[in-house]
Amino acid sequence: MEMSTVNTQPFSDQRPGTSGLRKKVKVFQQPHYLENFVQSIFDTQQDLKGGILALGGDGRYYNREASQIIIRMAAAHGISKVIVGQGGLLSTPAASCVIRKYKTDGGIILSASHNPGGPDEDFGIKFNTPNGGPAPEGVTEAIYAATKAISEYRIANGEEIDLDSIGTQTLGEMSIEVIDPVTDYAELMQEIFDFKRIHQLFNSGMFVMRFDAMHAITGPYAKRILEETLGAAPGTVINGKPKEDFGGGHPDPNLVHANEIVVLSSGLDAVDFAAASDGDGDRNMVLGRDFFVTPSDSLAVMAANAHLIKGYSDGICGVARSMPTSQAADRVAESLGLECYETPTGWKFFGNLLDAKRITLCGEESFGSGSDHIREKDGLWAVLFWLNLLAVRQEPVDKIIKDHWRQFGRNFYTRYDYEGIDKTAAEALMQHLRDHLTDLPGNPLGDYSVDYADDFTYTDPVDGSVSKNQGIRIGFSDGSRIVYRLSGTGTEGATLRVYLEAYEPDPANHDKETQAVMQPLVAIAKSLAEIESRTGRSEPTVIT
Ligand code: G16
């Protein structure tokens, strides 16, 4: 095998964000840009030399080219085997499943998740550790440090690798195994869920579902599992053909970007159950008839009902939620006597808790939920969890949620996103809040009284690592909260996220409209952070 050593210079902007390095495709296409980052992964992850690497991506524009480059660099680095999904594809949860099942020494996932794709849109890359989870901060910081010192990278020369034929080929000493991207993941789902009962539900003639794959990676997964295995009617999966630019859409399963499925679950002809997943298949949104399930409520309902699901029938050991996620799951944990953890935003923070068996279920307001079956959030898993639950309880989605609220109270929840604002202004806004945190506790804000105000710091209970500045929390004496954070996944300007939560124990008030209930808190949040004067925006870009 012929190999080249290529001289290069560091790029200053290769620090991974909330979930890997995400930039515009054009940035990744600059000479040496991708190669520098990949070499930095290889140089810092010693076990990869002589080891096994899993590789796959969400199929967005540049996935194929990047896969070819990474495989050649893996060969030049002395990796013994690369396991790659056919076509260079693996959903993020499937990649985590493959890393764990084949005990690889890590994996590289090519994805910018829910961000748009195409030549002028986003691309991303991240390294997952041998537990199948996103690299923790210690690892991403080491990779970042290596990118700042890099002076050369190594790459094998030769013909293109055939990514489309399943089977094994070689490049020098290294073997490349191209696998079916769906099979291992589908088998895992079959172990966790009661496929027979879900099959009966689909065949009852009383249940209609739509799953919106948003022209992204989950199309083939959803078709294989829902339609071919579980007997859902053909056409249950819509937008199921993956496209490099997601059909020009924004593959983020929320009420705005997945509007097609919102329409299909509304009105007289509404389907019984609808769901959507994102670009790389780790996010989910679930809807009943005319009914949106907030991701925070979804986690709480999962925790309360886990004993009804085959894979969790022996009980769960604990739950975790990211800090901005509503406290609905905390109430379930308290009543079931389970451990409950509040972690910073980012799935990587759940890894230690899962590995240490302190938690079984975890979730985030950002349309993510998952369990100890892998170390990534898992969109289709969440959908199957709900299908299994619907099959067991034989009740509609809204009844399950409303019963839950009656038992535990309702955590009204909404998130306001101000996208594409000026970065300096956004940082100044956060600093302004930080500067006033100590003035707030004990004082009234509107009709609310501030209980605590801080910039969230997390100490990992397993390894003791400390993560600071993870978002501003303002907690009120009645359990309501306002949280402010800057997004760590965007590629342009800054996105301010404002998370709002209000607790309502009285069932007589549970059917109120969320936005109406939240208005007093919204007004406080806007004025406290001086959002309009600092960002020039009177209204958010997206409300979920
Ligand atoms: C990523 C992480 C999630 C996190 C989300 C937050 O999601 O994997 O754990 O909740 O980012 O995004 P932001 O920083 O923009 O609020 P994904 O689906 O983009 O990988």
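Lys377 is buried, at a relative accessible area of 10%; buried means under 20%, with a 1.4 Å probe and protein chains only. This is a predicted model, where local features need pLDDT of at least 70 and side-chain atom pairs count only at pLDDT 80 or more, while totals for chains, interfaces and linings use all residues. Residues are numbered from 1 along each chain as its sequence is written, and side-chain values use heavy atoms, with hydrogens and water left out.

Where is Lys377 placed? Lys377 is in the loop between strand S18 (368–371) and helix H13 (379–393). The side chain of Lys377 makes a polar contact of 3.4 Å with the side chain of Asp282. A polar contact is a pair of N or O atoms within 3.5 Å; within protein, one must be able to donate a hydrogen and the other to accept it, and residues adjacent in sequence count only if both atoms are side-chain atoms.

Now the ligand. There are 19 residues around the ligand, and Glu364, Ser487, Gly488, Thr489 and Arg497 come nearest. By class, the shell has one nonpolar, 10 polar and eight charged residues.

For Arg485, a side-chain N or O atom is 2.7 Å from an oxygen atom of the ligand. For Trp347, a backbone N or O atom lies 2.8 Å from a ligand oxygen. For His114, a polar side-chain atom lies 3.0 Å from a ligand oxygen. The ligand taken alone exposes 460 Å², and the protein buries 99% of that, by the Shrake-Rupley method with a 1.4 Å probe.

Note on methods: Near = heavy atom within 4 Å. Nonpolar A, V, L, I, M, F, W, Y, C, P; charged D, E, K, R; others polar. Helix = DSSP H or I, 4+ residues; strand = E, 2+ residues; numbered from the N terminus. Buried < 20%, exposed > 50% of the residue type's maximum accessible area, 1.4 Å probe, protein only.
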